[in-house]
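Hi,

Here is the structure I promised to pass on.

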There are 2 protein chains.
Amino acid sequence: MSDRTLCVIGLGLIGGSLLRAADAAGWKVRGMARSAAVVAAVRDAGFDATSSIEDALADDDALVVLAVPLPAVVDVLPMVTRHAPYCRLTDVVSVKQPVAAAVARRTPAARYVGGHPMAGTSASGWAAGSATLFTGAPWVVGSDDGADPVVWGQVAGLALECGAHVVPAGAADHDAAVARVSHLPHLLAAVLASVGADGGSLAMALAAGSFTDGTRVAGSRPELVRAMCEGNRDALLAAVDDALGRLGAARGSLASTGGLTATIQAGHLARRAFDTVRDTARDNTVHIDTVYVELGSPDALAQLRDLGHQGARVVGLEGTRCQVELTA
Amino acid sequence: MSDRTLCVIGLGLIGGSLLRAADAAGWKVRGMARSAAVVAAVRDAGFDATSSIEDALADDDALVVLAVPLPAVVDVLPMVTRHAPYCRLTDVVSVKQPVAAAVARRTPAARYVGGHPMAGTSASGWAAGSATLFTGAPWVVGSDDGADPVVWGQVAGLALECGAHVVPAGAADHDAAVARVSHLPHLLAAVLASVGADGGSLAMALAAGSFTDGTRVAGSRPELVRAMCEGNRDALLAAVDDALGRLGAARGSLASTGGLTATIQAGHLARRAFDTVRDTARDNTVHIDTVYVELGSPDALAQLRDLGHQGARVVGLEGTRCQVELTA
């Protein structure tokens, strides 16, 4: 069962939660963190952990998970190349094109399939982690042509065993989507927090739910937010331009006619559509089509990408047969 | 005890909650709504309600509360002038300068003191209301020169009895502050919801906490959001320009140097400062200065405005003596 061995490099909120969740699902797990204090805490919790990446990679049959922030990926990859050049490799980094490019350049022989669990809290670090962090969360599994279908199935299986559902996507599509629904929200939260603070003590005394919710993720660790936003530069620029255009149009309309109908109405309809997407997952009266994709078929990745593009989710995996749900 | 009679014009979320909260606090309450269905529901709940504004205003000793959206204020005021021209008058509308101007023009003999409880949910209507909606919320009481100190004390007393604390502010200061911490958040939520939806089904499938929180208030009824944002046009334009400037600067920095340090760091510090303000209210280790303002003194309103500007809150009222708390 050595293909059920997991080596998690980096034991912050996501890596630490993955270590716990995979352990609970029956994987043999080993974690690596540079900090001796973190390693001690992980061992105290009963897990195998080391501060030596060489030791961590000694079992070269393990599925290796890069769970470090994007800027650290280029430091870790040469070590992977030295100690486990042909390993099965995935990651949990919040952008996918830069990681794929770094892997192709620095660890070209590894069998890499990217991953991104869309879970988190504004807390961070090992202590904030939980075996249930991924329950009900989407977990993107990279589905560009060239990915190894066997590794794809193992990464998807890991995600499912952690309680997530799998969303198949190519790296570019992933990065464009998360720029809009994750990185832009962080940037707007930072801008809103600053504009509010500029209003002084009275404004802070009057801030209620809309400000609290709209600025919540500005409480996240700045270096983590920077790493993910700066790492997705091109896609984020497009999303920011869209936001600037829409906010500028609202400004123009308010200044000229005094009206905000178009902006408010479009936002309301968009949020209601989003609510429908979320509620569908919980509403058993909504019709859901189930389709199956055979990972052994030559166009499996293209099929999966296409389904992911339509909002489908992989909810089960039996051998090489993926069970995919798509709202009708 | 006729000065303990409250007449609430408009029985939506805020007016309906006020009717319940004031009743629970021992006021004699009467509500008015145009919709016969709403009046029936209010009566079924055991309250005195009418669809006739003439009947509602028959007791001309009542403290009258305008609890209608801003655009309806100009329709209601002529009726107040006809049936209770000298009444004690307040309101719960989310902007203060336009209401004050409308009252001065249409109901000049009324003893008007503006109000704005900063409470709400994305739900609306009588059924969504609750006697505890105002618990722990800031309730702005208009403190411009010329306000009647007796009525000021009665409005502040009503707010305190509903479980809120009172923040004294002039109308212009109030409108500038809420543009930043309430109206801009609604506009950014609408923009973010639209930019996310433009990302298609994949983006919606990947949206998690940051998008959910950042767009929550886009679920509010569009006509209510429009009424409050459009009603605060000048102050909102200034806040939008601040946001556009900051988002544009972030865009420029990301495009040129690839960095977002200034934006993310400033937002993080602002959010942490806001957390401190919020936590102070609950943290009994923080030093709080208590000062008293005598409503009978000639500069009482100026004192109160100044304290409100510093983030102070009125937490008690004995006779004409206001107890004010200010974080040291």
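**What I found**

In chain A, the C-alpha centres of domain 1 and domain 2 lie 30 Å apart. The two domains cover residues 2–169 and 175–259 respectively, with bounds that come from an automatic or database domain assignment.

Some housekeeping: this is a predicted model, where local features need pLDDT of at least 70 and side-chain atom pairs count only at pLDDT 80 or more, while totals for chains, interfaces and linings use all residues. Residues are numbered from 1 along each chain as its sequence is written, and chains are lettered from A and ligands numbered from 1 in the order in which they are written.

Domain 1 of chain A puts 10 residues into the contact and domain 2 of chain A puts in 13; contact here means C-beta atoms, placed from the backbone, within 7 Å. On the domain 1 side, helix H4 (70–83) and helix H5 (97–106) of chain A each supply at least two residues. Helices are DSSP runs of H or I with at least four residues, strands are runs of E with at least two, and both are numbered from the N terminus. The classes are: Ala, Val, Leu, Ile, Met, Phe, Trp, Tyr, Cys and Pro nonpolar; Asp, Glu, Lys and Arg charged; the others, Gly among them, polar.

**Chain A as a whole**

Chain A has 13 helices and 12 strands. Its radius of gyration is 21 Å, close to the 20 Å that the globule rule gives for 328 residues, so chain A is as compact as a globular protein of that length. The radius is taken over C-alpha atoms, and the rule is 2.2 Å times the number of residues to the power 0.38. Along the principal axes, the C-alpha atoms of chain A fill a box of roughly 65 × 45 × 35 Å.

Of the 328 residues in chain A, 53% are buried. The cut-offs work on C-beta atoms placed from the backbone: buried is 20 or more other C-beta atoms within 10 Å of a residue's own, exposed is 12 or fewer, and partly exposed is in between. Among the contacts in chain A with a separation of 6 or more, 69% join residues 24 or more positions apart.

- A:Val150 sits in helix H6 (residues 149–161) of chain A. A:Val150 counts as partly exposed because it has 15 C-beta neighbours inside 10 Å. The C-alpha of A:Thr320 is 8.1 Å from that of A:Val150, although the two are 170 residues apart along the chain.
- A:Thr257 is in the loop that runs between helix H11 (233–256) and helix H12 (261–280) of chain A. With 10 C-beta neighbours inside 10 Å, A:Thr257 counts as exposed. C-alpha to C-alpha, A:Thr257 and A:Ala172 are 40 Å apart in space, at 85 residues apart in sequence.

**The pair of chains**

How is chain A laid on chain B? A turn of 180 degrees and a shift of 0.0 Å along the axis do it, with an RMSD of 0.0 Å. That is the relation of a two-fold axis, from a least-squares superposition on the C-alpha atoms of residues with pLDDT of at least 70 in both copies. In chain A, the C-alpha nearest the axis belongs to A:Gly214, 2.3 Å from it. Both copies use the same surface, with 100% of the contact residues of chain A recurring in chain B.

The interface takes 91 residues of chain A and 91 residues of chain B. On the chain A side, helix H7 (residues 171–197) gives the largest share, 21 residues. By class, the side of chain A that touches chain B has 52 nonpolar, 24 polar and 15 charged residues.

**Sheets in chain B**

Six strands make an open, parallel sheet in the order S3-S2-S1-S4-S5-S6. Strands S3 (49–50) and S6 (111–112) of chain B are at the edges with a single partner strand each, so one side of each has no neighbour in the sheet. Pairing requires at least two DSSP bridges between strands. S5 (residues 88–91) and S6 of chain B pair over two bridges, and B:Arg88 stands opposite B:Arg111 there.

Further along, strand S12 (residues 321–327) of chain B runs antiparallel to S10 (residues 288–294) over seven bridges, with B:Glu294 opposite B:Arg321. Five bridges join S12(B) to S11 (residues 313–318), also antiparallel, and B:Val314 has B:Val324 as its bridge partner. S11(B) and S12(B) form a hairpin with two residues between them, and B:Gly319 in the turn has a positive phi of about 65 degrees.

Cheers

Terms used:
Two residues are in contact if their C-beta atoms, placed from the backbone, lie within 7 Å.
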